Amino acid sequence: MGKSKDKKKDGKSALNDDFITVQRLSAEVSGKAQKYARIGTHVFVPFEFDDLTIDNIKIACLKHFAVDPSMTCDVVAGEQGPSKAWDKTTTKIDIYSFNLDSMTWSSTPCPTDFVIEEEPFGVGGFRKAFKATSSAAEFSKTTWVVKTYLERSIDDIGATNQTVEQHTRKVVQMHYLARNYAARLHQELEQSSVSDVFGETLKYNKVFWGKD
């Protein structure tokens, strides 16, 4: 369990809540080795107890992942030692959301702390992508992707007489438009009972515009 610290590192505040690092696993073993399959990446789960016991770990996980009361939570011992998650630092990002119905942006940002991996898991021609997690209620259920622009991309955006903010807003707006079209198509196919004939439709995740 990572303990809270008051020190700062590289201008970013350290995590200020006690937490444990959890790796979710499949409910059943599989494969020749008969092992539990990993589900997603490691998640930082808030831990409000003084004693690190199995029962307290279960309670924290049940609460964080909003597990159905009819289901149970088991803890599997691993070969790795204690995590050094307390060395992680958080980055506060001001999150802005776009409302497609009213075609407006939120006027007030939602400041949210994210733990962002130091190394990108992907680099494209325009941006770098980093995995990130958050203990904030709205963002705690999954692993997020934080994208930052490459230096040359910022120059390319400037050459079109746009700011990075203007460009990012347009990217998010176009994503929500495509997400809406895909959702409406899926709904119409389901209502017409022809989804099996048409095949699987595209699905778009949520995206936000963020400023740190």
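## Strands, salt bridges and surface of a predicted chain

Threonine 133 is part of strand β10, which spans residues 127-133. The model is predicted, so local features need pLDDT of at least 70 and side-chain atom pairs count only at pLDDT 80 or more, while totals for chains, interfaces and linings use all residues. Residues are numbered from 1 along each chain as its sequence is written, and side-chain values use heavy atoms, with hydrogens and water left out. Helices (H or I, at least four residues) and strands (E, at least two) are DSSP runs numbered from the N terminus.

With a relative accessible area of 6%, threonine 133 is buried. Buried stands for under 20% relative accessible area, exposed for over 50%, and partly exposed for values in between (1.4 Å probe, protein chains only). Leaving aside residues up to four places away in sequence, threonine 133 touches His42, Phe44, Asp113, Phe114, Val115 and Thr143. A contact here means heavy atoms within 4.5 Å.

**The chain as a whole**

The protein chain has four helices and 12 strands. Of its 212 residues, 24% count as buried. Among contacts between residues at least 6 apart in sequence, 44% join residues at least 24 apart. The chain exposes about 15200 Å², and carbon and sulfur atoms supply 50% of that area; accessible areas come from the Shrake-Rupley method with a 1.4 Å probe, and for residues only the protein chains shown count as cover.

**Strand β5 and its partners**

Strand β5 covers residues 90-96, and five of its seven residues are buried, so the strand is largely enclosed by the rest of the structure. Strand β8 (residues 110-116) runs antiparallel to β5 and is joined to it by six bridges. Two strands are said to pair if DSSP finds at least two bridges between them. Threonine 90 stands opposite valine 115 of β8. β5 also pairs in the antiparallel sense with strand β12 (residues 209-211), over three bridges. There, aspartate 94 has lysine 211 as its bridge partner.

**Salt bridges**

The structure holds four salt bridges, each defined as a side-chain nitrogen of Lys or Arg within 4 Å of a carboxyl oxygen of Asp or Glu. Three of these pairs are listed below.

| Pair | N to O distance |
|---|---|
| Lysine 63 and glutamate 48 | 3.8 Å |
| Aspartate 113 and lysine 92 | 3.1 Å |
| Lysine 211 and glutamate 165 | 3.7 Å |

Lysine 211 lies in strand β12 and glutamate 165 in helix α3 (residues 164-192), so this pair ties together parts that are 46 residues apart in sequence. Salt bridges that share partners join Glu165, Arg169 and Lys211 into one network. Lysine 211 is partly exposed at 37% relative accessible area, and glutamate 165 is partly exposed at 32%.

In the pair of aspartate 113 and lysine 92, aspartate 113 belongs to strand β8 and lysine 92 to strand β5, 21 residues apart. Both are partly exposed: aspartate 113 has a relative accessible area of 29% and lysine 92 one of 47%. By contrast, lysine 63 is exposed at 62%, and glutamate 48 is exposed at 60%.

**A nonpolar patch**

Leu25, Val29, Tyr36 and Val76 make a nonpolar surface patch of about 310 Å². Patches consist of residues with over 30% relative accessible area and no salt bridge; like charges are joined within 9 Å, and nonpolar side chains (Val, Leu, Ile, Met, Phe, Trp, Tyr) within 5 Å. Tyrosine 36 is in strand β4 (residues 35-46) and counts as partly exposed at 40% relative accessibility.
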